[in-house]
Amino acid sequence: MPMWSDLPRAFEGSGLKVIEYSGWQTRGHGTPGTVQCVACHHTAGPPTGNTPSLNTVVYGRSDLPGPLCNLYLSRAGEVYIIAAGIAYHAGNTQQPWQANNTDVGIEAEATGVDPWPKAQYDAFARMCACLASYYRQPVARVLGHKEICSPTGRKIDPNFDMNAFRTAVGAGGAAPTPAAKDFPDDEENQMLILFTTVMTDPGKPAVPETPEVPPDPGDPNADPPIPPTDGSPAVPGSPAVPPKYRYDLRGQRTCEAGGGSNIASAAWACVSSAWGGCNVYLAAGDGKGRTWNLLGSPGKPARINNNAQIPFPLPAGARLVTIEGQRDTDGTVIACDVYNLR
């Protein structure tokens, strides 16, 4: 069986912020089997901070090597993809299908005794809804660690009512349902672009300064005598190194404007960006393997600067347009519109 390298696809279109932690594709204690359950945990970590337990769930503890989960949820509701392989999170379970090699394990940052922020709880439920849908598992197989552990009572996580939680999961994770409306043609021409955030460097925590130790004259009359010491100067610390991220984007749509069913013989695409630039590769295809490079080339994306708007004629026979690349920042807005010329 392959690694769970398709985990990011489960969250496409979910609205969740997904961060791919560096090395997740090959991290794990072996190759897992088919997903049969979603196991929910809380970290029982510190009461403050957005991700205080992140390093622990990735690299483990002195008594248990990491990874300790496949997915991690921050207090802000961000989804970190930690490991595509087996993670040590379940321990002894009541059923074989509830084990580490069949369960996608989620560790959510929480003390285990305090109330959950609504935004984080909703994100947790939405995560589970996405996973259950993608891996074709019933909501009944979204289970808490306290429900699958053996012997019963060995665990208490997560510290909320799982039946109420599964109701939220079944509702799609409390995601808002947009009102139906008839989009004007301009909006129907917009390509759906999916964004992912990839952690390329986890950074380093700050190293505090070591204080100066003054000389000590000692005490020759003590029993036993205390010898004098020279002391030592202060040792400068080092500041924290923040993590680094890559902000990917990709999208695809057919060359049909306004939701029509007739494929035009010619079309054009228009790419625009705002709040920072991006590097993109734009291509057209006929749906049968033939591809035309419109902007950049595979592995060599072209630069689009802030608020640039560039039209690209499409060749006859093109039936779809694809875009992929990287944004400068998480806040960069990138749009690609595809119009028919009839």
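# Reading a predicted model, feature by feature

Reader: Is Gln98 buried or exposed?

Author: Buried means under 20% relative accessible area, exposed over 50%, and partly exposed in between, with a 1.4 Å probe and protein chains only. Gln98 has a relative accessible area of 5%, so it is buried. The model is predicted: local features need pLDDT of at least 70, side-chain atom pairs count only at pLDDT 80 or more, and totals for chains, interfaces and linings use all residues. Residues are numbered from 1 along each chain as its sequence is written, and side-chain values use heavy atoms, with hydrogens and water left out.

Reader: Where does Gln98 lie, and which residues is Gln98 in contact with beyond four places in sequence?

Author: Helices (H or I, at least four residues) and strands (E, at least two) are DSSP runs numbered from the N terminus; contact means heavy atoms within 4.5 Å. Gln98 sits in the loop between strand 6 and strand 7. Setting aside neighbours within four places in sequence, Gln98 is in contact with Ala90, Thr93, Asp103, Leu143 and Ile148.

Reader: Which residues of the largest nonpolar core touch the most other members?

Author: A nonpolar core is a set of buried Ala, Val, Leu, Ile, Met, Phe, Trp, Tyr and Cys residues joined through side-chain atoms within 4.5 Å. The largest one has 37 residues, and those touching the most other members are Leu7, Phe11, Leu71, Phe124, Cys128, Leu131 and Phe165. At least two residues each come from strand 2 (37–42), strand 5 (71–73), strand 6 (79–81), strand 7 (103–108), helix 2 (118–134) and helix 4 (162–170). Helix 2 gives the most to this core, 10 residues. Phe124 touches Cys40, His41, Leu73, Ile106, Ala108, Trp116, Phe160 and Phe165, with residues up to four places away in sequence not counted. Another core, of 25 residues, lies apart from this one; its members include Ile193, Leu295, Ala302 and Phe312.

Reader: At what angle do helix 2 and helix 4 pack?

Author: Axes are lines fitted to C-alpha atoms, for helices over the stretch in contact, and angles run from 0 to 180 degrees between N-to-C directions. Helix 2 and helix 4 pack at about 65°, their axes 8 Å apart. This makes helix 2 roughly perpendicular to helix 4 (under 35 degrees is roughly parallel, over 145 roughly antiparallel, 65 to 115 roughly perpendicular and the rest oblique). On the helix 2 side the contact is made by Tyr121, Phe124, Ala125, Cys128 and Ala129, and on the helix 4 side by Ala164, Phe165, Ala168 and Val169.

Reader: Why is strand 11 said to be largely enclosed by the rest of the structure, and how many bridges join strand 11 to strand 15?

Author: Six of the eight residues of strand 11 (residues 267–274) are buried, so the strand is largely enclosed by the rest of the structure. Two strands pair if DSSP finds at least two bridges between them. Six bridges join strand 11 to strand 15 (residues 309–314), and the two run antiparallel. Ser272 has Gln309 in strand 15 as its bridge partner.

Reader: What is the phi of Arg136?

Author: Arg136 is not a glycine, yet its phi is positive, about 55°. Arg136 lies in the loop between helix 2 and strand 8 (142–144) and is exposed, with a relative accessible area of 75%.
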